[in-house]
Amino acid sequence: MKPGFVLAAVVVFLLLTYGLYQALEVAPTEQTMGDVQRIFYYHVPSAWTAFLLFFVNFGASIWYLVRRNPAADAVAVTTAEVGVVFCTIVLVTGPLWARPVWGIWWTWDARLTSTLVLWLIYVSYLMLRRFSSDAQTPVLAAALAIFGFADVPLVYLSIWFFRTQHPQPVVGGGGSLDPRMWHALLINWVAFLAFALLVCWLRYRLEMLKRAVENAHAAAALTGDSGSRR
Amino acid sequence: MNPTAPLPSAVIVRDLTKQFGRFAALRQVSAEFAGGKLYVILGENGAGKSTLLRVLAGLAPPSSGAVEVLGSSSVRAVCHRVGYMAHPSLLYDEMSGLENLRYFAHLYGITDMPVCRRAIEEVGLDPDLPRAVGQYSQGMRQRMSLARALMHTPALLLLDEPFSNVDVASARAMTQLLGSRRDAGTTIFVVTHQAQLLQQVADEFVWMHAGRIEKRTRTLAAEVSA
Amino acid sequence: MSFRLAGVTLTKDLRLEWRSKDAINSMLFFSLLVVVIFSFAFEPTAEESRQIAGGLIWTAFLFAAVVALNQTWSREIRNQVLDAYRVSPAPPNALFLAKVFGNFLFVTLLELLMTPLFIVFYDLRALGQVWLLPLLAALGTWALVVNGTFFAAMSLRTRSREVMLPLLLFPISIPALLAMVQATRIILVGEDSVRFWMVLLAVYDVVFTSVCLLLFETVLNAE
C-alpha cells in the first residue's frame, strides 16, 4: 500500500464519519416524515455520485472511440462498475424511504424510474463487457455507452410525462430546507464522492495492472521462440 | 487486361505484429513484395499465413507495425483494387452463382452482366447453371469463389487455400488462370498446403513459421530436400 | 450510391428470405404463441382490454421482433459472407440501412397479420383516432428495428449472441415502448391527445438512427 493511498483512505473515513454524525445528530428531525427522512442524506449523495460517474463513463467512451486510448477504456469500466454500485444504493434507499412516507414501496415517478432504467442500461453495459471477447470489448462497450447516454433524456421525459408523484424537488425548492440539513447533505455528498473516487482509483489501478500483466504475456509470446501458442 | 503498371513494390510490411490476446499470430514481420509476381505462402497451421492475408485484405487491423498495399498505407483506400478469397466460400448458399456474382459486382460499382458472366466462364463454369451454390461440389464452389475474388480485375489478389478439396482438373485450370493473371500484371498471394500444384507458375515461395517469415526461395524442390 | 446499394442488398435479402422463409415463419409462429398464451393469462372485458391491449400487443411484437432480429445477420455469418462485404469498397451504412429496411418490412408484415388476431381475441374497438394507428405503428416499429439491427450486429461479436440481443435492446427501448403503449391506449380509449408520445417517438427515431449510422462502421470492423 502506498502512503498516498493510506492517507486518502483515512481522509475518506473521517469524512464519512463526520457525515454520519451530521446526518444522525446535527441535522434536525423533519417534522412530517420523522427520522426516516435522514436516509435522504445517503440517498441523494449516492444518486449525484452515480450520475457523475456515468457522465465520466460517457466522456471516457467518446475519448476511447476517438483516440483508442486504453487508459480511457480503463476509466470507462471503472466508472461504470462503481456507478452501478452507487446506483444500487439509490434504488434500495428509495423504497426504504417511500414505504413509511407514502405507504408504498415503489412508485413510477420520473426520477426514481429514470434511475432504475439507468441502472438497467449500465448493467447491460457490464454484461456486454463480460460477454464480448477481450479485443473487441472496448469498442463495443464505448458504442453502447453512447446509446445509453442518448437514451437518458428520452427516458426522463417519457416517464415524467407518464406520471410524476415524487415530492417536488426538495433541493432548490425555494429555501424550504433547514441550513443544517443542507450542511449535512453537502458534507455527505463530499464524503460519498471522495469514497467513490477512492474506490475508482483502486479499481482503475487494478484494471491497469491486469492489462500490464496481459501485455507482458503478449510481449513474451512475441519474443519467445518456440511455439507462439502459450 | 493490365490492371496496373507494374509497381516497384505491391506490398510492404514493416514490423507487422498481430496478436489475439496472448497468442501472437504475426511477430514483427518486415518484408517487401514486388508487383506482378505470384507468391506462394507456405507453413504449418498457426504459422500466421491466413492472418497475413487478412491483414493485407483490411479485415484485421494490425496490433502494431505498418502495412503499405499498392502504394497506400490505408488498405481501405485501395480495397477496390484488391481481391480476397478466404477458406470459407464467402458466397450465399441459397443463390445461384450468377446471382451471387451480380450482387458482389454491385458492391464494386459494377452493374453490367457481361462482366459477371465472363468471370464465371473464366473459372470454367457455366454462368447459366441454375443450381444454388449450396448444391455445388466443393471444387465448383471454390472456383466460383475465385470468380468472386477476381471479377473486378484486382491488382492484388489474396487467396487463402484455393485448392483445398478441389479435384485435380479444377486445380490445374485455376492454376493456369492465376498464371495468366500474373502475366497480365496482377500481384498474387496464395496460401496453400499444396505448393507443388503451383510449381509451374510461382515466382517465389515464402516460408512462414511461428508468425515470422523464415525464408524466401525461388524454387520449391531445393527447400524440400534441404 | 449508398441508397442504391442498400436497395440492391435489400433485394438480395428479400430473395434469400423468400427462398428459405426462415425468419418470417419462426417470427409468425412465435407471435401467434404469444397471443394465445396472453389470451389465456388475461381474460379481460372489452373495457379493460382497451386499457391493457397496448401493452400486450407491443410486448408480443417486441418478442417476435427479437426472433427476427436475431436472424438478421445469421446469413451473413454463414460462409463468412460478411467478410466479402467488408473487403469491398461498399459503404457499411448501406448494409446497415438494407438490414433495417428488411427488418422493418418483416415486422410490419407481422403486425398486419397479427393485429386482426388481437382484435378477435380481445374484442377490441377503438374509440379514438384510429387513423393515427398506422403512423404510430410505423414510428414504433422503426424505433425497435433500428436499434435492434444495430445491437444484433453488436451481439455477433459476443459469446451467446442470441441472449445478448434482448439484454442490450430492452433497456434502451424503454422510452420508445412506453410511448407506443401509452399512445395505443389513448387511441383505443379515445381520451387525451397522443401528440406528446408521437413527437417523443419521432425524436427517438431520429436520435437513434443518427447514432446507429454514426457508429455502425466502427462496430462492424471491431476486431
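Tutor: Helices, taken as H or I, and strands, taken as E, are DSSP runs of at least four and at least two residues respectively, numbered from the N terminus. The model is predicted. With those terms in place, the contact between chain C and chain A can be described: chain C contributes 26 residues and chain A contributes 26 residues. On the side of chain C that touches chain A, the elements giving two or more residues are helix H8 (161-189) and helix H9 (195-220) of chain C. H8(C) supplies the largest share of that side, 10 residues. Sorted by class, the side of chain C that touches chain A holds 19 nonpolar, 4 polar and 3 charged residues.

Chain C also has a backbone feature to examine. Gln80(C) sits in the loop between helix H4 (74-77) and helix H5 (81-86) of chain C. Its phi is near 50°, a positive value in a residue other than glycine.

For Asp15(B), a residue other than glycine, phi is near 50°. Asp15(B) belongs to strand E1 (residues 11-20) of chain B. With 13 other C-beta atoms within 10 Å, Asp15(B) is therefore partly exposed.

Notes:
Residues are numbered from 1 along each chain as its sequence is written. Chains are lettered from A and ligands numbered from 1 in the order in which they are written. This is a predicted model: local features need pLDDT of at least 70, side-chain atom pairs count only at pLDDT 80 or more; totals for chains, interfaces and linings use all residues. A residue is buried if 20 or more other C-beta atoms lie within 10 Å of its own, exposed if 12 or fewer, and partly exposed in between; C-beta atoms are placed from the backbone. Two residues are in contact if their C-beta atoms, placed from the backbone, lie within 7 Å. Ala, Val, Leu, Ile, Met, Phe, Trp, Tyr, Cys and Pro count as nonpolar, Asp, Glu, Lys and Arg as charged, and the others, Gly among them, as polar.
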